[in-house]
Amino acid sequence: MVIKTRKSVPGHELLTGHELLTVDDAHNLSPLQVRDLYTQYVNRAQASLLGAFGFGQDVAVRAEGCWIELSSGRRILDATGGLGVLNHGHNHPRIIAARKRFQEQGRMEVHKSFLSPYVGALSANIARLLPGDLNISYFPNSGAEAVEGALKLAYKYHGGLRQTVLHSDISFHGKLLAPGSITGSPENHFDFPGLPHKSSFVYDDIESIEDKIRHHTEQGKCDVYAIIVEPFSASMFLGCSERFLRRLREICSAYDIVLVFDEVYTGWGKTGSLFHFMRYPDLVPDILVMSKSFGGGKASISGYVARDEIFRKAYDNLRDATLHSSTYNGFGEETVTAMEAVAIVVEDDYPTRARTVETTLGSSLADMRRRHPSLVQDVRGAGALFGLRFQSGPALPEALLRAVPSALARDKHLIEKLLIGAVMDALYVDHGILTFVTTNREPMLMIAPSLVVNETEMEAIAIALDKVLSRGRADLLTRFLYRRLRRR
């Protein structure tokens with residue numbers, strides 16, 4: 001096979017041959033070569049976007065705990081927690097060992113003709129940890145797939161006789177067609193086809209829910225088959241009140257609406273309880289959706305867990321037993337990885353670890369608003385999941401606007417996004433700390449370390465952030481935008 005590559009340029013020599021690149025070749029690619037491959041074969045705009053930041057100029061080669069090692073040998077403190085994937089940190093030794101044992105013993109991955117002992121055991125463990133009769137699990141690969149499966153289950157439960165699903169105005173449920181269509185975040189800004197009958201309510205506003213129910217009820221018959229909500233919004237760093245969640249449960253029970261809690265991001269201890277909703281005793285959804293750290297940072301696995309009566313009415317018959325299935329459901333090494341990840345969460349008490357992060361790092365972050373009032377507008381979050389919103393401020397000088405892409409220049413949140421970018425870049429370049437940005441209704445700087453973070457690492461994050469913010473708005477923006485110009 002001949003691989004087409006563009007003309008050789010200095011630093012790109014590895015890309016000019018006709019042989020397939022090997023794994024060892026990939027290990028040895030320079031940052032310039034990786035960006036070249038992305039530009040040609042993956043996503044040119046993504047390479048350009050990341051190239052505006054210091055981390056877009058580097059290649060990560062190893063990772064352990066909360067630390068990433070670059071090809072240059074520099075070590076970076078990861079304060080992103082892998083965007084919810086890395087509650088266990090990078091390459092947790094117990095998870096690595098569990099996967100290695102599975103491989104060395106030659107265990108079978110998946111086969112539709114055999115019942116999987118790993119699927120059975122993982123399902124049983126989850127049922128024993130969750131409240132009520134949340135007993136029946138299904139394990140696809142991604143959070144969006146789990147959301148889609150939950151919606152299909154809710155629709156099938158009603159036999160297709162109801163047509164409407166309700167979601168919140170700030171929701172994020174994924175980027176597949178159905179989950180994307182019930183995502184309220186402007187991140188999903190293109191109008192792809194999706195669920196035909198959906199409606200949004202105001203997050204944490206029970207009166208808004210009641211209005212929607214009235215609107216979709218005629219002659220005593222309700223057309224809503226499911227209400228899906230994130231008990232804690234990871235992209236907005238906001239949680240539903242206990243009053244809202246309990247009243248929502250009552251409404252769903254009264255109208256026989258399937259209540260779905262999406263805890264793809266917040267599950268497995270991230271906000272200070274095993275799942276965020278479990279801080280409220282005896283509150284049980286009809287379906288719970290999970291993913292991200294469920295795979296321990298090493299497996300792409302998700303799940304939805306349904307109450308007995310919901311699942312059995314929908315699928316528990318010979319005709320419908322495989323009505324919802326996929327090739328990789330029950331992949332052996334993935335489920336074994338999840339079993340070990342869940343065991344670590346329980347045995348090492350990750351909810352308590354998250355509460356410690358909230359007390360230690362969260363308190364330091366909350367103090368940033370007092371220390372830097374001209375920059376920091378708000379700090380909010382729970383457990384090990386925090387966001388900082390920045391003040392907008394005056395317009396940019398014309399000289400700096402030249403460094404801003406034309407599409408972004410029209411964004412009403414331009415200054416806030418540029419400030420977040422400037423802070424992220426300064427934290428990374430000057431202090432070796434990796435952070436992230438969320439782009440829901442309000443762009444915010446995310447600081448959400450893994451639950452294996454220690455006090456020294458938390459202190460380093462807080463000190464670095466304070467130093468960066470102390471530089472002030474003008475210096476941060478000027479340095480970031482001129483750096484961007486040089487990186488083009």
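This is a predicted model: local features need pLDDT of at least 70, side-chain atom pairs count only at pLDDT 80 or more; totals for chains, interfaces and linings use all residues.

**A helix pair and its surroundings**

Guide: Helix 15 (residues 414–431) packs against helix 16 (residues 455–470) at an angle of about 120 degrees, and their axes lie 10 Å apart. The crossing of helix 15 past helix 16 is right-handed. On the side of helix 15, the contact is made by V423, A426, L427 and H431. Helix 16 contributes A464, L465, K467, V468 and L469 to the contact. By class, the residues where helix 15 meets helix 16 comprise seven nonpolar, one polar and one charged.

Seven strands make up an open sheet with mixed pairing, and their order is 4-14-13-12-9-5-6. At its edges stand strand 4 (134–138) and strand 6 (198–201), each of which pairs on one side only. From one strand to the next, the twist averages 25 degrees.

Within the sheet, strand 5 (residues 164–168) and strand 9 (residues 224–229) run parallel and are joined by three bridges. Opposite L166 stands I227 in strand 9.

Helices also pack on this sheet. Helix 6 (residues 143–157) lies across strand 5, strand 9, strand 12 (258–262), strand 13 (287–290) and strand 14 (303–307). The direction of helix 6 is at about 165 degrees to strand 13. Helix 10 (residues 308–315) packs on the sheet as well, where it touches strand 4, strand 12 and strand 14. Between the direction of helix 10 and that of strand 14 the angle is about 100 degrees.

Strand 4 and helix 10 lead on to a pocket, for each of them supplies at least two residues to the lining of the second largest pocket, as does helix 5 (117–129). Helix 5 provides the largest share of that lining, with five residues. The space in the second largest pocket amounts to about 900 Å³. Its lining consists of 31 residues, of which L115, S116, V119, Y138 and N329 are the closest to the centre of the pocket. Sorted by class, the lining of the second largest pocket holds 14 nonpolar, twelve polar and five charged residues.

In summary, strand 4 belongs to two parts of this account: it is an edge strand of the sheet, and it supplies residues to the lining of the second largest pocket. Helix 10 likewise packs on the sheet and contributes to that lining.

Technical notes. Residues are numbered from 1 along each chain as its sequence is written. Side-chain values use heavy atoms; hydrogens and water are left out. Two strands pair if DSSP finds at least two bridges between them. Helices (H or I, at least four residues) and strands (E, at least two) are DSSP runs, numbered from the N terminus. Axes are lines fitted to C-alpha atoms, for helices over the stretch in contact, and angles run from 0 to 180 degrees between N-to-C directions. Contact means heavy atoms within 4.5 Å. On a 1 Å grid over the protein atoms alone, a cavity is a set of points where a 1.4 Å probe fits but cannot get out, and a pocket is an open set with protein on both sides within 12 Å along at least five of seven lines; lining residues have an atom within 4 Å of a point. Grid points are joined across faces, edges and corners, and a volume is the space filled by probe spheres set on the points. Ala, Val, Leu, Ile, Met, Phe, Trp, Tyr, Cys and Pro count as nonpolar, Asp, Glu, Lys and Arg as charged, and the others, Gly among them, as polar. A crossing is left-handed if the near helix is turned anticlockwise from the far one by less than a right angle, and right-handed if clockwise.
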